[in-house]
Amino acid sequence: MRLNPFPRTGPHPLPWRPLGLMLLALLSLWGGCAQAGQTLRVGTNLWPGYEPLYLAQDIVQPGWDKAIRLVEYPSATEVLRAFRNRAIEAAGLTLDEALLLKQDGVPLRLVLVMDISQGADVIIARPEIPDMAGLRGKRVAVESGALGAYVLTRALELHGLGLDEIDIAHLDVSSHRQAFVSGQVDAVVTFEPVRTQLLNAGGREVFSSREIPGEVVDALVVHEDFLQRQPETVEQLIKGWFQALQLLQQRPDEAAGLIGKRLKLSPREVLDSYAGLYLPSPADNLKLIGGPTPDLLKTLHKLRQLMRERNLLGDDVDLSQLLSADSLPVK
């Protein structure tokens with residue numbers, strides 16, 4: 001027979017006050033454990049540089065089903081909003097987006113360099129437009145977030161054009177292909193997998209991130225309090241990331257087949273898209289974000305200055321506490 005530990009009548013063997021204190025202590029302990037076991041929600045938009053996260057999920061990393069949940073958003077703008085509003089604990093973002101969050105006072109740490117764009121971010125124009133100069137007076141689609149504005153600004157600057165010489169249409173990346181194919185716009189500032197789709201549709205690449213080496217960098221950022229509370233979960237995420245990179249390197253056709261299902265690209269197109277990306281190893285990451293003088297800090301200083309000069313960033317942003325290599329599998 002199951003006994004009721006709290007009978008409604010009659011004396012209780014323990015005084016109420018001590019029992020109440022015990023219950024409060026247990027509830028407090030339970031609450032702390034629940035908090036410590038919080039699921040790590042990671043937000044991304046569709047981009048080959050973030051796909052190793054989903055590849056790690058596909059190859060069933062132990063514990064991912066309980067500890068980590070990947071959340072895909074339709075655009076980088078939505079990822080930024082979700083991170084700012086704490087709908088997610090971590091996000092794949094470009095450096096310029098991370099700087100915008102820092103400017104807004106969001107406490108975050110950059111814990112992993114996921115990729116460095118070496119041609120995967122582009123401006124694709126209609127086939128009759130031969131080069132950047134041909135964009136004068138043309139309608140150019142660009143996502144309203146920071147990255148699109150930054151790539152467009154740098155492209156125009158390098159090729160002697162001004163923003164007032166083109167007609168800008170703000171469109172989410174999910175609308176880029178349709179707007180281009182239907183003739184609504186003459187060019188788009190976009191990235192993979194849309195780049196490959198538009199080239200297959202007859203588009204011409206008139207600018208790429210190869211012209212601004214080291215300036216378009218994607219990174220994993222985490223809310224600072226979550227990193228302090230559950231560092232082991234972040235370590236688990238990053239461990240899975242590098243295991244996925246290993247699969248991509250050792251069994252590229254198998255990995256590309258899995259990635260292609262999400263990107264809606266053939267395995268060959270997936271592998272071609274990675275030709276425009278550099279995916280740093282653990283040792284490379286340690287050089288980029290670890291030690292007293294991390295290499296990425298130089299890039300961040302340069303990017304911060306460029307963004308301020310072009311009114312893409314307002315107040316000065318403190319970079320001293322941004323980078324953290326503590327979650328990397330190498331020390």
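This report describes a helix, several salt bridges and a strand sheet in a predicted model.

## Basis of the analysis

The model is predicted, so local features need pLDDT of at least 70 and side-chain atom pairs count only at pLDDT 80 or more, whereas totals for chains, interfaces and linings use all residues. Residues are numbered from 1 along each chain as its sequence is written, and side-chain values use heavy atoms, with hydrogens and water left out.

## Helix α2

Helices (H or I, at least four residues) and strands (E, at least two) are DSSP runs, numbered from the N terminus. Helix α2 spans residues 51–58 and is mostly covered, with six of its eight residues buried. Buried denotes under 20% relative accessible area, exposed over 50%, and partly exposed in between (1.4 Å probe, protein chains only). The buried positions of α2 are Glu51, Pro52, Leu53, Tyr54, Leu55 and Ala56.

## Salt bridges

Across the whole structure, 18 salt bridges are found; the term requires a side-chain nitrogen of Lys or Arg within 4 Å of a carboxyl oxygen of Asp or Glu. One of them links Arg41 and Glu89, whose closest N and O atoms are 2.5 Å apart. Arg41 belongs to strand β1 (residues 40–45) and Glu89 to the loop between α4 (76–84) and β3 (90–94), so this pair ties together parts that are 48 residues apart in sequence. Arg41 is partly exposed at 22% relative accessibility, while Glu89 is buried with a relative accessible area of 4%.

A salt bridge also joins the side chains of Arg154 and Glu157, at 2.3 Å from N to O. Both residues lie in helix α6 (residues 146–158), three residues apart, and are therefore separated by about one helical turn. Arg154 counts as buried at 8% relative accessibility, and Glu157 as partly exposed at 37%. In a further pair, Arg195 bridges to Glu192 with the closest N and O atoms 2.8 Å apart. Arg195 is buried, with a relative accessible area of 17%, and Glu192 is buried at 1% relative accessibility. Elsewhere, salt bridges with shared partners connect Arg154, Glu157, Glu215 and Lys302 in one network.

## The five-stranded sheet

An open sheet of mixed pairing is formed by five strands in the order β7-β6-β8-β5-β9, where two strands pair if DSSP finds at least two bridges between them. Its edge strands, β7 (167–170) and β9 (204–208), each pair on one side only.

Strand β5 (residues 121–125) runs antiparallel to β9, and four bridges join the two. Val122 stands opposite Ser208 of β9.
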